[in-house]
Amino acid sequence: MFTLGATLSSQVNTNWQTYIMLTLYFVILLGIGYYAYKQSTGNVSEYMLGGRNIGPYVTALSAGASDMSGWMIMGLPGEVYSTGLSAAWLAIGLTIGAYINYIVVAPRLRVYTEKAGDAITLPDFFRNRLDDRSNIIKIISGGIIVVFFTLYTHSGMVSGGKLFDSAFGLDYHLGLILVSVIVILYTFFGGYLAVSITDFFQGVVMIIAMVMVPLVVMMQLSGLDTFSHAAELKPTNLDLFKGTTIVGIISFFAWGLGYFGQPHIIVRFMSIKSVKLLPTARRFGIGWMAISLLGAVAVGLVGISYVDERHVQLKDPETLFILMGQVLFHPLVGGFLLAAILAAIMSTISSQLLVTSSSLTEDFYKLIRGEDKAKEHEKEFLLVGRLSVIVVAIVSIMIAWSPNDTILNLVGNAWAGFGAAFGPLVLLSLYWKGLSRTGAVSGMISGAIVVILWITLAKPLGKVNDFFNLYEIVPGFLTSLIVTIVVSKFTKKPQIDVESDLREVKALVNNK
């Protein structure tokens with residue numbers, strides 16, 4: 001997987017100017033972390049959720065940047081390079097899923113989480129929504145977040161190590177540690193505000209890079225004929241429906257299902273100043289996302305022609321963006337493009353670290369210490385939240401130390417786990433009065449288990465029957481949805497007046 005390092009580092013145009021650009025980028029991130037530390041980290045709510053005082057543009061780009069990790073700049077172009085335009089179904093499915101998420105989940109979740117005991121984590125909302133005084137649902141959902149996010153976070157760290165190995169020929173582990181330390185520092189001190197502002201900054205860097213690289217490559221080659229050349233090399237390269245199977249298209253498209261259950265994304269909806277600002281955030285965020293994903297697909301397509309015409313040896317398709325960005329541009333611009341990759345990687349890592357530390361603090365430590373002592377021990381809980389960032393990061397680094405899979409696969413597994421475990425539960429908790437605690441717990445557990453079993457037992461059978469190559473989120477999501485509804489039908493409902501709460505939430509959303 002990492003055999004390209006020496007080959008690529010001998011071709012790229014990295015020098016002191018590139019390193020200066022990257023150093024400047026790191027300094028800016030740390031500066032934002034210090035600013036956020038001074039502005040709004042006085043209590044747990046501010047540290048974990050920005051005091052529900054984030055504007056629409058920061059909300060939109062924070063959601064987008066934390067979503068589009070290294071897989072967008074490295075994983076998706078590599079997939080398009082390898083399989084052709086059919087990989088664009090992934091981008092289509094994600095864009096549609098994100099848009100529906102803004103319409104269906106965002107407004108109600110923003111209103112309902114504040115109404116339900118001012119919940120600042122998803123497990124806290126589930127507990128309050130279902131009147132679960134035993135805290136079982138909070139503990140189980142918090143446990144799923146900690147486990148899957150630790151795995152998810154390590155995929156971003158793998159991307160960081162891979163970047164430094166491929167672009168500079170530096171040791172993978174050195175890059176892994178450097179990226180991790182920078183993210184830990186600004187997340188540890190600045191909390192949610194630092195993560196959100198850095199995400200906004202990183203989102204701007206990412207979209208510029210995703211537009212710039214394919215355009216410059218096309219100008220270097222033969223303009224729009226660059227795509228024709230890719231088709232000549234292999235006709236399926238420009239065919240949206242060929243080069244893959246029906247199962248493959250469904251699997252790519254099904255990525256959009258995951259949005260309903262991604263804690264690091266939907267927490268952005270909980271932090272926005274007002275539900276009235278969500279339409280602005282949606283338009284800005286989906287526009288950014290569509291352009292960025294289109295750019296990623298274009299990088300993969302023009303890369304097919306570039307590698308062929310320039311006779312480049314590309315052993316790892318996921319380093320395609322790095323190769324073209326460094327070979328074609330001045331070192332200063334090359335440094336900016338490397339910063340774009342780091343932006344994609346670090347924005348997601350920081351969001352995941354913060355959500356995981358929030359869960360460890362709010363959903364576990366507070367229960368052990370006593371929630372009735374929250375105000376009395378505010379500084380203590382804040383310190384635990386910060387220390388949790390370090391603990392999760394260290395565990396993730398240990399897992400990432402010896403990577404054994406592609407970035408896209410690593411992200412895909414964690415994405416499916418969250419989508420299947422939480423997606424149906426989030427939707428049903430916002431719209432269905434018949435949801436019960438037992439149904440919610442059963443659905444979460446069954447969804448997560450099916451995803452794990454599909455990855456470990458069914459996927460290996462894909463060589464025998466293509467059906468088993470189906471993306472694990474599909475069987476996981478459907479199982480979770482069915483189990484939640486069926487079990488809820490036959491088990492005890494919450495003692496609180498859920499129907500009245502749902503009507504009030506709907507009215508507040510409609511009157512925005």
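In this predicted model, the radius of gyration of the protein chain is 22 Å. A compact globule of 512 residues would have a value near 24 Å, so the two agree. Along the principal axes, the C-alpha atoms fill a box of roughly 70 × 50 × 45 Å.

The secondary structure is helical: the protein chain holds 21 helices and 0 strands. Of its 512 residues, 60% count as buried. Take the contacts between residues at least 6 apart in sequence: 85% of them join residues at least 24 apart. The accessible surface comes to about 18,700 Å². Carbon and sulfur atoms account for 66% of that surface. As for charge, there are 35 positive and 32 negative side chains. The centres of the two sets lie 8 Å apart.

**Helix H11**

H11 spans residues 225-233. Which of its residues are buried? They are Thr 226, Phe 227, His 229 and Ala 230. These residues cover an arc of only 155° around the axis, so they sit on the same side of H11. An α-helix has 3.6 residues a turn, so residues three or four places apart point the same way. The buried residues of H11 pack against two partners, helix H10 (172-220) and helix H14 (278-309).

**Phe 467**

Phe 467 is placed in the loop between helix H19 (437-458) and helix H20 (473-489). Is Phe 467 buried or partly exposed? Its relative accessibility is 45%, so Phe 467 counts as partly exposed. Leaving aside neighbours within four places in sequence, Phe 467 is in contact with Val 247 and Trp 454. Val 247 is 220 residues away from Phe 467 in sequence. In space, their C-alpha atoms are 6.4 Å apart.

The loop between helix H8 (122-129) and helix H9 (136-168) contains Asp 131. Asn 135 has its place in the loop between H8 and H9 too.

| Residue | Phi |
|---|---|
| Asp 131 | near 50° |
| Asn 135 | about 65° |

The phi of Asp 131 is positive, in a residue other than glycine. Asn 135 likewise has a positive phi although it is not a glycine. Is Asn 135 buried or exposed? Asn 135 has 13% relative accessibility and therefore counts as buried; the cut-off for buried is under 20%.

How values were computed. Residues are numbered from 1 along each chain as its sequence is written. This is a predicted model: local features need pLDDT of at least 70, side-chain atom pairs count only at pLDDT 80 or more; totals for chains, interfaces and linings use all residues. Side-chain values use heavy atoms; hydrogens and water are left out. Helices (H or I, at least four residues) and strands (E, at least two) are DSSP runs, numbered from the N terminus. The radius of gyration is taken over C-alpha atoms; the globule rule is 2.2 Å times the number of residues to the power 0.38. Buried means under 20% relative accessible area, exposed over 50%, partly exposed in between (1.4 Å probe, protein chains only). Contact means heavy atoms within 4.5 Å. Accessible areas come from the Shrake-Rupley method with a 1.4 Å probe; for residues, only the protein chains shown count as cover. Lys and Arg count as positive and Asp and Glu as negative; His and the chain ends are not counted. The place of a charge is taken as NZ of Lys, CZ of Arg, CG of Asp or CD of Glu. The arc is that of the directions from the helix axis to the C-beta atoms.
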